[in-house]
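Visitor: I've just started learning to read protein structures. Could you walk me through this one?

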Amino acid sequence: LALSIVVTLSQSSSRVEVLTSTSGLPAHVMGQFLEPAAFQEAANGERFVFDRRGQSVYRIDRSGEIRKIIEIGPERGRLLGASSLSLGPGERFAVADAPDGRERVQIFNLDGTRIGGFTLPGRAVPRLTLGNMVLNGIGSLQFTGQSIVMNQPELGGLITQFNLQGHPFQTFGVFRRTGHETNRDLHLALNSGIPLVDPGGGFYFVFQAGIPLFQKYDARGNLIFERHIEGPELDSLIANLPTTWPRRHNEGAGRELPVVPPTVRTAAVDPTGKLWIALTVPYLYVYDLAGEKIQTLRLRAAGPLQPTSLFFPSSNRLLVTPGCYEFTVS
């Protein structure tokens with residue numbers, strides 16, 4: 001890796017810290033990816049890149065040698081319509097895909113050997129998209145090592161935990177009021193978001209559409225607090241939020257769905273429990289354990305960098321796509 005940028009988190013969120021980087025993974029490595037959408041690192045130092053357009057996963061060992069460990073295809077152990085990768089503790093990771101429009105979760109060893117998985121009933125409904133990337137449903141997958149955490153509002157809550165055989169055993173999180181409760185598709189889209197596991201216990205939920213908002217829950221699913229995501233960088237976006245949503249026919253759903261733009265691109269929790277939120281405007285907000293904003297950041301590579309994924313292999317290192325960049329946080 002070519003460059004590591006040091007970020008010092010201050011206790012003031014009024015100043016925007018601009019972080020500039022000129023390179024990421026070596027060019028001969030990056031040249032093998034069509035669209036890297038996740039860049040993560042295991043405890044043993046091996047790195048994994050999920051190439052969303054190539055529908056494949058690559059492993060990069062500590063010496064820098066790269067190998068494709070999962071190929072494209074609808075069969076078990078391959079990927080088709082994949083949207084996300086989540087590296088769990090230990091030597092396993094999970095990938096979400098959707099062959100023939102059926103949402104599937106597969107679990108792999110670090111060498112790419114499939115060791116389990118399940119398919120959800122019904123067909124995938126893309127309620128929230130960014131470009132051609134589906135953000136909702138299995139696209140929100142988080143792998144804890146013992147369970148799969150997803151946003152499946154169709155099940156009646158914001159956060160659902162599945163066991164590794166695909167059986168839901170916990171659903172919680174109260175839907176926010178949208179004013180569109182009679183329009184089920186729009187109401188569910190505005191309650192779509194990212195469930196995140198807090199390493200100190202409990203969960204965060206970051207709403208990805210409508211008024212920017214996040215909530216924190218304890219391990220039992222009780223709401224601890226709710227915070228609006230606010231800042232001068234968001235004023236214009238919030239002032240211009242849509243009040244009507246065009247509809248587009250979706251073949252998989254068999255009906256027209258409202259086209260709902262996201263306000264949040266991605267989010268992650270670092271090992272100390274701070275919440276990092278990447279907005280659809282080119283800024284990141286960082287929140288402490290009490291839900292107070294402590295930092296406003298901008299990322300820069302060849303130009304402004306808007307993350308599609310954030311991953312913390314340790315408390316002082318951040319991996320980002322696109323570009324597979326590393327930042328050092330102190």
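Visitor: How many bridges pair strand 24 with strand 25?
Guide: First, the words: strands are DSSP E runs of at least two residues, helices are H or I runs of at least four, and both are numbered from the N terminus. Two strands pair if DSSP finds at least two bridges between them. Strand 24 and strand 25 (residues 284-287) pair in the antiparallel sense, and their bridges number four.

Visitor: Before we go on, what kind of model is this?
Guide: Residues are numbered from 1 along each chain as its sequence is written, and side-chain values use heavy atoms, leaving out hydrogens and water. Local features need pLDDT of at least 70, side-chain atom pairs count only at pLDDT 80 or more, and totals for chains, interfaces and linings use all residues, the model being predicted.

Visitor: Back to strand 25: which residue there is the bridge partner of isoleucine 277?
Guide: Walk along strand 24 and look across to strand 25. Tryptophan 276 has valine 286 as its bridge partner there. For isoleucine 277, the partner in strand 25 is tyrosine 285.

Visitor: And how many residues of strand 24 are buried?
Guide: Buried means under 20% relative accessible area, exposed means over 50%, and partly exposed is in between, using a 1.4 Å probe and protein chains only. Leu275, Ile277 and Leu279 point one way from strand 24, while Trp276 and Ala278 point the other way, and all are buried. For strand 24 (residues 275-279), that gives a buried count of five of five.

Visitor: Which side chain makes a polar contact with glutamate 233?
Guide: Glutamate 233 lies in the loop between strand 20 (223-228) and helix 3 (235-239). A polar contact is a pair of N or O atoms within 3.5 Å; within protein, one must be able to donate a hydrogen and the other to accept it, and residues adjacent in sequence count only if both atoms are side-chain atoms. At 2.4 Å, the partner is tyrosine 285.

Visitor: How far is glutamate 233 from the nearest side chain of opposite charge?
Guide: Lys and Arg count as positive and Asp and Glu as negative, with His and the chain ends not counted. A salt bridge needs a side-chain nitrogen of Lys or Arg within 4 Å of a carboxyl oxygen of Asp or Glu. Glutamate 233 is buried yet has no salt bridge, and its distance to lysine 293 is 4.6 Å.

Visitor: Which residues make up the salt-bridge network around glutamate 326?
Guide: Glutamate 326 also forms a salt bridge with arginine 317, at 2.8 Å between the closest N and O atoms. Both of these residues are buried. Through shared partners, the network joins Glu41, Arg47, Arg317 and Glu326.

Visitor: Last one: how many residues are in the largest nonpolar core?
Guide: A nonpolar core is a set of buried Ala, Val, Leu, Ile, Met, Phe, Trp, Tyr and Cys residues joined through side-chain atoms within 4.5 Å. Leu25, Phe33, Phe50, Val57, Phe93 and Val95 touch the most other members of the largest one, whose residue count is 27.
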